[in-house]
Amino acid sequence: MGTTQLKMLKLLLLFTLTGICTAQNDITLSVFTVTSKSMTVQWSGQAGASSYKVTATPKNSPEQPVFAQFSGNTVMGSVNSLSPNTLYTMQLEAMDNALNVLSSAETEETTAPEVPSIEQVYSKNSDSITVEFTEVSGATSYILRAESKMGDFFFETNVTDSPGTVVQLQPYTDYILSVMSVNSGGRSQPSYPTEARTVVTAPKLNTTSPSNSTILVTWAPVTHSILYTLCIIRESSSTRLKLNTTDTSVTFDNLEAGTTYCIKGTAWDSEGRTGDDLTICQITRPSTPDVTQIQVTQGRSRGVAVYWASVQSARSYIAWTSNGQNCSTDSIYCYILPVECGQNQSVSVTAYNGAGPSTPSQPAEYLTYPCPTANIWVEEPAAGNCSVVWDRVSLVEYYVAFIKRDDGTEKLCNTTETTCPFFCMCGYTYLTSVFPYNQAGTSQDAHVRKYTTIPCCPQDVTVNLVSTETLEVMWSPVKGAEVYETTAAQTDDIIHCNDTSPVCALSDLRCNTAYSVTVTPCSELRGCNRTCTPHTQETAPCAPEILNMTQSSNSTYKVLITTPNSGNTNYTIAATGRYDRHTCQSRTDSCELTQLPCGSTYEVTAVAATAAGKSLPGFSKALETGPCCPDSMNVSQVTQAMTNVTWSPGSGARSYITTLMSPRGHAKCHTLDAHCLMGCITCGTNYSVHLEAISSTGHKSECKYHGFSSSACCPTGVKLYRRTNNSLRVYWRTSGPQAHNHTVELYGNGTGANYLCIAAAGSMYCDIQEERCGDVYTVVAAPVGQDGVKVTFCQPRKYSVPCPSNAGMGISRGRRSVK
């Protein structure tokens, strides 16, 4: 379907919908299709209309109007037989059944120009066809239409006049072409169609220059082509060479080097028509350059400078050496960097342009400077006798060896050999280098070898005992030593110090041992000097240990110790108390500490001493002297069988055991106090007094004091008798071995009578004259000691003595009180 038909369909649909929506409104008229001899109009429906009349009246022409009649159900119609390129007034009238005009509308529109005719069609390019046609009056432009015969291609293009060209076509393809004229009213009908075929495409030429005198042209076969034409022309020349071929490659030879040639290619189809043409330009390769000079450059960055003569059209050059190095440039010289040392090489130069490289030039030989000595070392067969030795280098005439000591001293050696002797001292570092020479010069770099002689031994080594089992070794730094190893032969040469400082502490050594200490200087390169003289130093003696401590007297203690040291060793034992210190010395395993006060605690230690120094104190042991005896003791009798013993506190004593001993028995008391109440005492007996002072750890001190005599025994069997002479007789029995005076005391409980009677020693009774009878008496009979003191603890007894019944004599026996 064409563009015009699509436009008519859209307008018809729009008008129909508009007519439905505006059926009750005023009628409207519009023109939507215009050709050179017809117009198609459409209108909105009118209620009550039974027919419609459309009249086309030329506006500026004497021609007669043209009209068309349509039924009342029609809203679109065409008016034909119009004149081309003419302005018409289009009038629409809606009429009822009586042909009365209900409403009307009009518009103006111009018809399209006349239909042009095609005069000639032809194709010069594979993607276009040119159309020559007749131009018509009133046309403002033209539309060229191209359609494929298969109907799968449709294309229109606007042109202003004849001829016009349709593009975007396919090569060697048949098309149907037509032309339409266009003005403001629209387009005319298409002209009578004409068939035409596009030509073949041009061959896609590919060019290369295999050599500096040839160009090779290749292309892919062109479809529908039976012949190819190539034309070559040199740049800036009018000379041409034309060649027809059915092949797809052509070689042009005998060309000038470094010259640009342009080649145009055209394909022919079977109808004898030439298709597109394609021109491509190709330059031939440059001529071979000639090397003019080679120079080995000097300086820090050594290389080879290569010079050559320039060639025509060369854009760049590359110089290649026989060992694979190269340099590139657009000039007539370049530098090959870096150059290899010790080489006898050659170099060739190749010129380049857009076509590729030229043939390489003839190789030109050159000699480079010698390589540095790869292996340098120093030999020292004997101390101080050194030689610099190196491997022989090729292409060398002679060597120069430099030897520099680290203090700035230098030595130079010029030789054709591979060794150079020199004197070397211990502790110095020597920098050696060797430069080989030949005609090109010397090697730029030289390997520097550092050789360090063995470090010197320190001469001022001092070994001091800084603690009982630690030796401090000190020395002055020596030349060439980076680190010092300190060893002792007695420790299986274990390295005790590996340090850069000239001091070392050998600790955790054995006591009472002579050590042979060696300071060995070392360097990283040469190792250690194992020839240094050792130095001997003895450690402090071993500490003795206390085995036992025994008390040999009140203030003397014997201490038994170990003797772990050999040789001449003195041992000192010290007892250190809170306020005093006691010592004794010995060369054997025992020693006595004297004048140790009682009741004291001491820390006893033993120390050994030799010419090397003193040992550490051995483990201490506590020594506690026996507690002190109380300064005073007093024994007082409380009862006939019980005494109270008191004493002053003894220093260091925590408890006491007091003992009263006699042939008739003993009494004992163990107490923490300074007094003790003791029973089991026999009256009238002499006792010896003993006291043991005991410390908190069980130490005892035996203390003796003056004896103690118990008091006389109280009489037994005391009885009270009334005699006829109104006297009372007190009678008793004595129980002690000795005879004592006795005192008898009677106390009347009712009358308050108080009687006293003294009986001589040996007497067993005492008479008392009673003044008033019938009383209850308390009777106390007690012996009197030799010191005249009465025994006070004899028990009183009570008796009731009634008065007699007659005056005759009789003894009234008293009744003992319950008390």
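User: What sits over the ring of Tyr172?

Analyst: The charged end of Arg197, 4.8 Å from the ring centre. The term requires NZ of Lys or CZ of Arg within 6 Å of the ring centre and within 35 degrees of the ring normal. This is a predicted model, where local features need pLDDT of at least 70, side-chain atom pairs count only at pLDDT 80 or more, and totals for chains, interfaces and linings use all residues. Residues are numbered from 1 along each chain as its sequence is written, and side-chain values use heavy atoms, with hydrogens and water left out.

User: Which ring does the charged end of Arg405 sit over?

Analyst: The ring of Tyr428, with 4.4 Å to its centre.

User: Why is the pair of Phe153 and Tyr175 called edge-to-face?

Analyst: Rings of Phe, Tyr and Trp (its six-membered ring) pair if their centres lie within 6.5 Å; planes under 30 degrees apart count as stacked, over 60 as edge-to-face and the rest as tilted. Here the centres are 5.6 Å apart and the planes stand at 70°, so the pair is edge-to-face.

User: What parts does this pair tie together?

Analyst: Phe153 is in the loop between β10 (141-148) and β11 (154-159), and Tyr175 is in strand β13 (residues 174-183). The two parts are 22 residues apart in sequence. Strands here are DSSP runs (E, at least two residues), numbered from the N terminus.

User: Why is Tyr175 called buried, and what is Phe153?

Analyst: Buried means under 20% relative accessible area, exposed over 50%, partly exposed in between (1.4 Å probe, protein chains only). Tyr175 has 3%, so the residue is buried. Phe153 has 24%, so the residue is partly exposed.

User: What makes the pair of Phe422 and Tyr430 tilted?

Analyst: The angle between the planes is 55°, with 5.4 Å centre to centre. Both residues are buried.

User: How many aromatic pairs does the structure hold?

Analyst: There are 17. Ring pairs also link Trp43, Tyr52 and Phe70 into a cluster.

User: Why does Thr198 count as buried?

Analyst: Its relative accessibility is 0%, so Thr198 counts as buried. Thr198 lies in the loop between β15 (194-197) and β16 (206-211).

User: What does the side chain of Thr198 reach?

Analyst: The backbone nitrogen of Thr173, at 2.9 Å. A polar contact is a pair of N or O atoms within 3.5 Å; within protein, one must be able to donate a hydrogen and the other to accept it, and residues adjacent in sequence count only if both atoms are side-chain atoms.

User: Why is Thr513 called buried?

Analyst: Thr513 has 15% relative accessibility, so the residue counts as buried. A polar atom of its side chain lies 3.0 Å from the backbone oxygen of Cys511.

Methods: Helix = DSSP H or I, 4+ residues; strand = E, 2+ residues; numbered from the N terminus.
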